[in-house]
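The following exercises concern the structure shown below. Each task is followed by a solution in steps.

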Amino acid sequence: ANQLALLLIRTHMRKQNGRPIIGTDTLKKKVLKALPFEPTNSQIEALQDITTNMSSEDRMHRLLQGDVGSGKTLVALLSMLHAVESGAQAAILAPTEILARQHLATIEPLADEAGINIALLTGRDKGKHRAPIIEGIANGNVDIIIGTHAIFQESVLFKKLVYVVIDEQH
């Protein structure tokens with residue numbers, strides 16, 4: 001049924017150390033309290049595995065698989081909050097503007113409950129609309145950036161990006 005599977009992706013590259021990202025659970029608790037449901041055991045286990053890995057010195061390469069509606073976006077948000085709790089920024093990269101906007105619609109109400117600043121950035125954002133988003137990302141006022149590949153352009157400078165969720169639909 002609606003199960004999540006978390007796979008550790010092992011690469012054939014030489015092992016590279018990462019930087020521990022230590023969360024406080026403060027923001028995650030606010031979001032969990034605001035949910036109109038209880039997370040599933042699979043969601044909790046996946047989040048625990050991810051945040052344990054984030055807190056270690058090992059680089060993380062993971063794939064979170066699940067059916068539509070299995071809670072992948074919730075796990076992604078909670079793991080991004082782990083990075084934000086550490087004083088850093090996180091991003092979610094979507095393959096299309098439509099999917100980026102869907103993520104925004106899902107994440108924004110929960111982020112508001114936790115007092116998290118999020119922004120959407122796509123290729124459609126230009127000029128006067130784009131400038132404050134770019135500025136907020138650069139000065140660290142934006143905690144979580146949701147967008148398409150537009151978030152990885154020369155003009156987009158992050159203050160302290162430490163965690164990126166890549167959402168690919170296949």
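**Burial and fold**

Of the protein's 170 residues, 41% count as buried (under 20% relative accessible area with a 1.4 Å probe and protein chains only; exposed is over 50%, and partly exposed lies in between). The model is predicted: local features need pLDDT of at least 70, side-chain atom pairs count only at pLDDT 80 or more, and totals for chains, interfaces and linings use all residues. Residues are numbered from 1 along each chain as its sequence is written, and side-chain values use heavy atoms, with hydrogens and water left out.

**Exercise 1.** State how many helices and strands the protein has, and give their order.

*Solution.* Step 1: the protein contains five helices and six strands (DSSP runs, H or I of at least four residues for helices and E of at least two for strands, numbered from the N terminus). Step 2: along the sequence, their pattern is β-α-α-β-α-β-α-β-α-β-β.

**Exercise 2.** Determine what the salt bridge of lysine 28 connects.

*Solution.* Step 1: the structure has four salt bridges (a side-chain nitrogen of Lys or Arg within 4 Å of a carboxyl oxygen of Asp or Glu). Step 2: in one of them, lysine 28 pairs with glutamate 85, with 2.6 Å between the closest N and O atoms. Step 3: lysine 28 lies in helix H1 (residues 26-34) and glutamate 85 in helix H3, so the pair ties together parts 57 residues apart in sequence. Step 4: both lysine 28 and glutamate 85 are buried.

**Exercise 3.** Classify the aromatic pair of phenylalanine 152 and phenylalanine 158 as stacked, tilted or edge-to-face.

*Solution.* Step 1: ring centres of Phe, Tyr and Trp (its six-membered ring) must lie within 6.5 Å; planes under 30 degrees apart count as stacked, over 60 as edge-to-face and the rest as tilted. Step 2: a search of the whole structure finds one aromatic pair. Step 3: phenylalanine 152 and phenylalanine 158 are 6.2 Å apart, centre to centre, with 40° between the planes, and the pair is tilted.
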